[in-house]
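These are my notebook entries on a single protein chain, written down in the order in which I looked things up.

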Amino acid sequence: MMKEYSCKVISKQMLNSDTAFIEIECPDIAVSARPGQFVNISCSRFLKRPFGIASCDSSKGTFKIGVKVVGKGTAEIAAFEAGQDVNVLGPLGNGFTVDEGKNYILVAGGTGVFPINFAHEVMTSKGIEHTVVEGFRCKDQIVLNDPSYILTTDAGDAGIHGNCCNGLDTIDADKLDGAEVLCVGPLPMMKAVGNWASAHGLKSYVSMEQRMACGIGICLVCVCKLKAEKKGQEFEHVRCCKDGPVFPFEEVVW
C-alpha cells in the first residue's frame with residue numbers, strides 16, 4: 001500500500017562518477033515492494049524524483065535505489081549521506097508479475113539495471129529460473145554487473161560488442177522455451193527487445209520510462225499510448241505511474 005514516509009538514509013555507495021547506490025530505512029516498503037515498482041524521493045526542488053526500487057532487505061527493513069545524476073534534483077539526492085532524513089512516497093505503480101515455475105529473461109539497459117536487479121534478487125531467492133542481459137554504452141557506465149549476466153556494451157570495451165539484442169541472441173534455445181521477457185531501459189531499446197521477443201514467440205513486458213511529477217496518477221504528465229479496446233479508437237492514454245509502469249509490449253503504441 002502506497003504511503004508517505006519520513007525515512008533515514010542508512011548508507012551510500014558511489015558506483016561510478018555519476019551514479020549513487022543509496023540504502024534507505026523503511027520497513028513497510030522493504031516488506032511490501034515488488035519488482036518494477038518505484039518510489040518518489042523529495043529534494044529541495046518542487047517535484048519529487050522517481051526511482052525504481054533496486055533491492056529490498058526485509059530483515060533490515062531497508063530498500064535501495066540507484067541515482068544517476070542528470071540534473072539538479074538527482075544531483076542533490078545523489079549527494080545524500082548516511083543519517084540524513086528523507087521523505088519517501090511509495091511503493092508506487094504496478095510492477096512485474098513473478099510466478100514460480102516460470103522461466104524469465106530479464107533485460108536491462110542503462111539505469112534499467114536497478115529495477116531488474118530487484119527482480120533478479122527476488123527470483124534468486126525463490127529459485128526461479130532466469131537469465132539476465134545487461135546493456136551499457138561503455139565499460140565506465142557498467143553498474144551492478146554479475147558474472148552470471150550476459151553483458152553488452154555499445155563501445156565493445158566490455159562484454160559483447162553490441163546491444164541487448166546481440167546479447168539475447170547468445171542465449172541457448174532451451175532457456176528460451178516458454179520464457180517471459182521482462183525489460184527496463186530506454187524506449188528504443190525496449191521496443192527492439194520487444195520485437196526480438198515477438199520474433200521468437202515470447203511474451204514480453206516493458207516498464208515505460210516517462211517523466212513523472214506526482215507519481216499517483218493525478219497530474220497526467222506521464223501518460224503513454226496503449227492500443228484501444230473500444231471499437232473505433234486507435235489508442236487510449238494511460239498513466240504510467242498509476243496504470244503502469246509495466247505493460248505488455250504488444251499493447252503499447254510505439
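Entry 1: Is K203 buried, partly exposed or exposed? I noted first that I am working with a predicted model, and then I looked up K203, which has a relative accessible area of 33% and is therefore partly exposed. The side chain of K203 meets that of E250 in a salt bridge, with 2.5 Å from N to O. I placed K203 in strand β12 (residues 203-207) and E250 in the segment after β15, so this pair ties together parts that are 47 residues apart in sequence. For E250 I found a relative accessibility of 34%, so E250 also counts as partly exposed.

**Entry 2: other salt bridges.** I searched the whole structure and found nine salt bridges. One of them joins the side chains of K68 and D18, at 3.0 Å from N to O. Because K68 sits in strand β5 (residues 62-68) while D18 sits in the loop between β1 (3-16) and β2 (19-25), this pair links parts that are 50 residues apart in sequence. K68 counts as partly exposed, at 25% relative accessibility.

I then turned to K102, which forms a salt bridge with D99, where the closest N and O atoms are 3.6 Å apart. I recorded K102 as partly exposed at 34%, and D99 as partly exposed at 31%. When I followed the shared partners, I saw that salt bridges join D99, K102 and E180 into one network.

**Entry 3: the sheet.** In what order do the seven strands of the open sheet run? I read the order as β10-β9-β8-β7-β11-β12-β15, with mixed pairing. The edge strands are β10 (160-161) and β15 (246-248), each of which pairs on one side only. Looking at one pairing within the sheet, I found that β7 (residues 104-109) and β8 (residues 130-136) run in the parallel sense and pair over six bridges. In this pairing V107 stands opposite V133 in β8.

**Entry 4: charges on the surface.** Which residues gather in a patch of negative charge on the surface? I listed E129, D172, D174 and D177. Of these I looked up D174, which lies in helix α5 (residues 173-176) and is exposed, with a relative accessible area of 59%.

**Entry 5: another lysine.** Last, I looked up K72, which is found in helix α2 (residues 72-78) and counts as exposed because its relative accessibility is 60%. K72 and S44 are 28 residues apart in sequence, and I noted 9.5 Å between their C-alpha atoms.

How values were computed:
Residues numbered from 1 in each chain as written. Predicted model: local features only at pLDDT ≥ 70, side-chain atom pairs only at ≥ 80, totals over all residues. Heavy atoms only, no water. Patch = residues over 30% accessible without salt bridge, like charges linked within 9 Å, V, L, I, M, F, W, Y side chains within 5 Å. Areas by Shrake-Rupley, 256 points an atom, 1.4 Å probe, with all protein chains shown as cover. Salt bridge = Lys/Arg side-chain N within 4 Å of Asp/Glu carboxyl O. Lys, Arg positive; Asp, Glu negative; His and termini not counted. Charge placed at Lys NZ, Arg CZ, Asp CG, Glu CD. Helix = DSSP H or I, 4+ residues; strand = E, 2+ residues; numbered from the N terminus. Buried < 20%, exposed > 50% of the residue type's maximum accessible area, 1.4 Å probe, protein only. Pairing = 2+ DSSP bridges.
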